[in-house]
Amino acid sequence: MSGIFDQFFTLGKEYIDTLLHKAKLSTLFDFFTEKVIPTFVNEKDLKHFYEKRMEEVDEFIYKL
């Protein structure tokens with residue numbers, strides 16, 4: 001019985017650690033995309049890049 005509680009406690013701790021890690025990564029990614037990228041990339045160039053990438057994805061899907 002004690003082993004079950006230990007496993008449950010360990011699993012819960014690992015789950016919480018994973019959630020916290022994902023939250024930190026999400027926060028860092030949001031900061032990077034909102035603050036860092038616009039400082040050295042022109043919005044027009046970024047839009048052009050993403051339009052080109054979407055065309056490539058569409059072509060890839062069409063070929064499948």
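Tutor: Let's start with a definition: a residue is buried under 20% relative accessible area, exposed over 50%, and partly exposed in between (1.4 Å probe, protein chains only). By that rule, 2% of the 64 residues of the protein chain count as buried. This is a predicted model, where local features need pLDDT of at least 70 and side-chain atom pairs pLDDT 80 or more, while totals for chains, interfaces and linings use all residues. Residues are numbered from 1 along each chain as its sequence is written, and side-chain values use heavy atoms, without hydrogens and water.

Student: Why is the contact of Arg 53 and Glu 56 called a salt bridge?

Tutor: A salt bridge needs a side-chain nitrogen of Lys or Arg within 4 Å of a carboxyl oxygen of Asp or Glu. Here the N to O distance is 2.6 Å, so the pair qualifies. A search of the whole structure finds one salt bridge. Arg 53 and Glu 56 are three residues apart in helix α2, so about one helical turn separates them.

Student: How do you know that Arg 53 and Glu 56 are partly exposed?

Tutor: Arg 53 has 41% relative accessibility and Glu 56 has 34%; both values fall in the partly exposed range.

Student: What makes Phe 49 and Tyr 50 an edge-to-face pair?

Tutor: The whole structure holds one aromatic pair. In that pair, Phe 49 and Tyr 50 lie 5.3 Å centre to centre with 70° between the planes.

Student: Why can Met 54 belong to a nonpolar surface patch?

Tutor: Patch residues need over 30% relative accessible area and no salt bridge; like charges are joined within 9 Å, and nonpolar side chains (Val, Leu, Ile, Met, Phe, Trp, Tyr) within 5 Å. Met 54, in helix α2 (residues 43-63), has 49%, so its accessibility passes. Met 54, Val 57, Phe 60, Ile 61 and Leu 64 make a patch of about 550 Å².

Methods
Accessible areas come from the Shrake-Rupley method with a 1.4 Å probe; for residues, only the protein chains shown count as cover. Helices (H or I, at least four residues) and strands (E, at least two) are DSSP runs, numbered from the N terminus. Rings of Phe, Tyr and Trp (its six-membered ring) pair if their centres lie within 6.5 Å; planes under 30 degrees apart count as stacked, over 60 as edge-to-face and the rest as tilted.
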